[in-house]
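Here is a short report on one protein chain. It follows the packing of helices first, then the sheet, then a few single residues.

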Amino acid sequence: MKIILSCILLFSTLAYGQISSQELTGQTDNPKNLLNTSAQDAFNTMRAAALKDGIDLKIVSGYRSFTRQRQIWNRKYKKYEAQGLTPDAIFDKIVEYSTVPGTSRHHWGTDMDIIDQSATYSGDVLVPNKFHGNGPFCKMKDWMEINASSYGFELVYTLNENRTGFKYEPWHYSYAPLSRKLLQEYLPETDFLEFLRSQNIMGMDQISDARLLRYYTEHIQGVNPSLK
Ligand SMILES: [Zn+2]
């Protein structure tokens, strides 16, 4: 408990602009996993408008805490470690689809994964082909392309071969008026390295600075330019 408290105290002394390091890394006290109020309000307004067009927007993943993301990370890390992969290989494999704890935009309460619950669907919902062709969420995607930005929402991981980092996610939207500031004020590189190495995240004592900084540039910064 002492160790945990000292970490909290250390990072509570760091603040980037108006935004605390806890808020940037998903370590605020948010037991109900609530979205930021402004983002939730904007979503509710957008949802009401979409409903009039027969689309029932549903958030399937909103706020996610650092602790939750670390559970996901450490579970995957152990699985790949048991398969004999090196720490670098494990890191590269996990960050194809998952974020390093402390770096998820879901920590910010501004980002959410959205589907249309009025559609008929089965199985995994967050797969790109459900949003294309004759997929069940095509109608929603067309509607969002036209309307989302007027409510402040932007797709983060766009289908653009010039974008680096995470793969295309047609479901992941961000409330730009807030998340732009959070990205701009995100931990600078040196604090980022120090943070990751102090949080009991598996593998972090073995991954090189260069690899972590490449992730910083390609993944954290590898978003839709309208969110920068
Ligand atoms: Zn997401």
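Which residues in α8 meet which residues in α9? From α8 come E189, F192, L193 and L196; from α9 come D209, L212, L213 and Y216. The model is predicted, and side-chain atom pairs count only at pLDDT 80 or more.

**Helix pairs**

The contact of α8 with α9 has 6 nonpolar and 2 charged residues, and no polar ones. Helix α8 covers residues 189–196 and helix α9 covers residues 209–220. Their axes come within 11 Å and cross at roughly 115°. The crossing of α8 past α9 is right-handed.

A second pair is formed by α4, residues 66–82, and α5, residues 87–94. Here the packing angle is about 130°, and the axes lie 10 Å apart. Angles over 145 degrees would count as roughly antiparallel, and 65 to 115 as roughly perpendicular. The two helices α4 and α5 are therefore oblique to each other. On its way past α5, α4 makes a right-handed crossing. On the α4 side, the contact uses W73, K76, Y77, Y80 and E81. On the α5 side, I90, K93 and I94 take part. By class, the contact of α4 with α5 splits into 5 nonpolar and 3 charged residues, with no polar residue.

**The sheet**

What is the order of the strands in the open sheet? The sheet has 4 strands, in the order β3-β4-β6-β5, and the pairing is antiparallel. The edge strands are β3 and β5, each pairing on one side only. On average, neighbouring strands of this sheet are turned by 45° against each other, direction ignored. Helix α3 packs on the sheet and touches β3, β4, β5 and β6. The direction of α3 makes about 140° with that of β3.

Strands of a sheet pair through backbone hydrogen bonds, either parallel or antiparallel. The pairs in this sheet are listed here.

| Strand pair | Sense | Bridges | A facing pair of residues |
|---|---|---|---|
| β3 (residues 57–61) and β4 | antiparallel | 4 bridges | S61 and D113 |
| β4 (residues 111–116) and β6 | antiparallel | 3 bridges | M112 and Y173 |
| β5 (residues 153–155) and β6 | antiparallel | 3 bridges | E154 and S174 |

Take β4 next. How many of the 6 residues of β4 are buried? The count is 5, so β4 is largely enclosed by the rest of the structure.

Strand β6 spans residues 172–175. H172 and S174 point one way from β6, while Y173 and Y175 point the other way. All of these are buried. Y173 is the bridge partner of M112. S174 stands opposite E154.

**Single residues**

N33 has a positive phi of about 55°, although N33 is not a glycine. N33 sits in the loop between α2 (21–24) and α3 (37–52). N200 likewise is not a glycine, and its phi is positive at about 55°. N200 lies in the loop between α8 and α9.

N33 has 13 other C-beta atoms within 10 Å, so N33 is partly exposed. N200 has 13 C-beta neighbours inside 10 Å, so N200 also counts as partly exposed.

E189 brings the report back to helix α8, where this residue is found. E189 has 13 other C-beta atoms within 10 Å and is therefore partly exposed. Which residues does E189 contact, leaving aside its neighbours within four places in sequence? The contacts are L213 and Y216. Both belong to the α9 side of the contact with α8. D92 is 97 residues from E189 along the chain. The C-alpha atoms of E189 and D92 are separated by 19 Å.

Key: Residues numbered from 1 in each chain as written. Predicted model: local features only at pLDDT ≥ 70, side-chain atom pairs only at ≥ 80, totals over all residues. Axes fitted to C-alpha atoms, helices over the stretch in contact; angles between N-to-C directions. Parallel < 35°, antiparallel > 145°, perpendicular 65-115°, else oblique. Left-handed = near helix turned anticlockwise from the far one by under 90°. Contact = placed C-beta atoms within 7 Å. Nonpolar A, V, L, I, M, F, W, Y, C, P; charged D, E, K, R; others polar. Buried ≥ 20, exposed ≤ 12 C-beta atoms within 10 Å, placed from the backbone. Pairing = 2+ DSSP bridges.
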